[in-house]
Amino acid sequence: MKVPKRLQPLVDDGLIDEVVSQLMSGKEAQVYVVRCGAELRCAKVFKEASQRSFKQAVQYQEGRKGRNSRRARAMAKKTRYGQKEQETAWLTSEVDALYRLAAADVRAPRPHGFVDGVLLMDLISDGEDGVAPRLGEVTLSPQQARDYHDRVIADVVRMLCAGLVHGDLSEFNVLVDQDGPVIIDLPQAVDAAGNNSAPMLLVRDVDNMRAWFGRFEPALLNTDYGKEIWALYEAGELHPDSPLTGHFEPDTLDVDVMELMAVIDDAREEAEERRERARDDLEDDD
Ligand SMILES: Nc1ncnc2c1ncn2[C@@H]1O[C@H](COP(=O)(O)OP(=O)(O)O)[C@@H](O)[C@H]1O
Ligand SMILES: [Mg+2]
């Protein structure tokens, strides 16, 4: 096909030899199949900030790139410099996440660099000449649903052990190749330790998987892996091979302690932010 304008610089630099076809055009990006030497790869072209939708919401931004850095403070303020920093952080977050997932042995496309707002990564294929279908497009037997569910959950655990929560996990952002589920679409991935929404997002991600796989294997609908995983993580007891039961029964004492910790954390953060703001104002006066 004709080379799209945004891919031309990568063709000129010899990173892409041919643009084969366009996959879908989503909310945040356009996705192409490209040929690099003998390999087919996937090129994800991010839309300009003004054309993007909801995922850049504040909820996902928090905790990125260290809350104390000058950069984080610039991002928090709505200056032009701050907006540019925020845009760059947003764009590089998917490639950063993919490198971290590769290191953590999570099944996700291997990244091959990020150039001019274009992410190059493995093309997840169906094993023949097509592209792998999304999880939402395949019909599963009950056994297969249980197996795939457990594998996605194991990947979610490995991801959390690597410090990340996907934040938009659904049957649309999991592909199915010959070896099973592969997680994709990570620009909104959040820092598990530095983001107050992380527990909510983790539990939502896991519950989405439960709902989807539960259509084929209703016994899954009685599980509660999300809260179990977060409780282990918070207690510092989550490991890639932690045994999971699928059940979560908070005892009253734990809940009280957890609530108390949350209140303490919030208060501390507020105080920190106040100090940061005061320091920024001083700097601006200079
Ligand atoms: N590495 C990949 N291999 C094969 N198909 C992909 C790959 N990455 C994305 N796709 C396809 O492109 C679609 C959109 O990509 P995605 O990363 O989910 O972006 P978004 O949903 O934000 O537009 C996916 O649903 C999938 O069908
Ligand atoms: Mg998607």
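Which of the 22 residues around ligand 1 come nearest? Look at the close-ups below to find out.

**View 1. The shell around ligand 1.** Gly26, Glu28, Cys42, Ile124 and Asp185 come nearest, out of 22 residues around the ligand; a residue is near a molecule if its C-beta atom, placed from the backbone, lies within 6 Å of it. Strand 1 (18–25), strand 2 (29–36), strand 3 (39–46) and strand 5 (118–122) each give two or more residues to this shell. Strands here are DSSP runs of E, at least two residues, and helices are runs of H or I, at least four residues, both numbered from the N terminus. Sorted by class, the shell has 14 nonpolar, two polar and six charged residues. For that sorting, Ala, Val, Leu, Ile, Met, Phe, Trp, Tyr, Cys and Pro are nonpolar, Asp, Glu, Lys and Arg are charged, and the others, Gly among them, are polar.

This is a predicted model, in which local features need pLDDT of at least 70 and side-chain atom pairs count only at pLDDT 80 or more, while totals for chains, interfaces and linings use all residues. Residues are numbered from 1 along each chain as its sequence is written, and chains are lettered from A and ligands numbered from 1 in the order in which they are written.

**View 2. Helix 5 beside helix 7.** The axes of helix 5 (residues 142–161) and helix 7 (residues 225–234) come within 11 Å and cross at roughly 25°. Axes are lines fitted to C-alpha atoms, for helices over the stretch in contact, with angles from 0 to 180 degrees between N-to-C directions. So helix 5 is roughly parallel to helix 7 (angles under 35 degrees count as roughly parallel, over 145 as roughly antiparallel). Ile153, Val156, Val157 and Leu160 of helix 5 make the contact with Tyr225, Ile229 and Tyr233 of helix 7; being in contact takes C-beta atoms, placed from the backbone, within 7 Å. By class, that gives seven nonpolar, no polar and no charged residues.

**View 3. Helix 5 against helix 6.** Here helix 5 packs with helix 6 (residues 198–214) at an angle of about 170°, their axes 10 Å apart. That makes the two helices roughly antiparallel.

**View 4. Alanine 189 in its loop.** Alanine 189 is found between strand 8 (180–183) and strand 9 (190–191). Alanine 189 counts as buried because 26 C-beta neighbours lie inside 10 Å (buried takes 20 or more other C-beta atoms within 10 Å, placed from the backbone). Leaving aside neighbours within four places in sequence, its contacts include Ser93, Leu164 and His166.

Technical notes: Angles under 35 degrees count as roughly parallel, over 145 as roughly antiparallel, 65 to 115 as roughly perpendicular and the rest as oblique. Two residues are in contact if their C-beta atoms, placed from the backbone, lie within 7 Å. A residue is buried if 20 or more other C-beta atoms lie within 10 Å of its own, exposed if 12 or fewer, and partly exposed in between; C-beta atoms are placed from the backbone.
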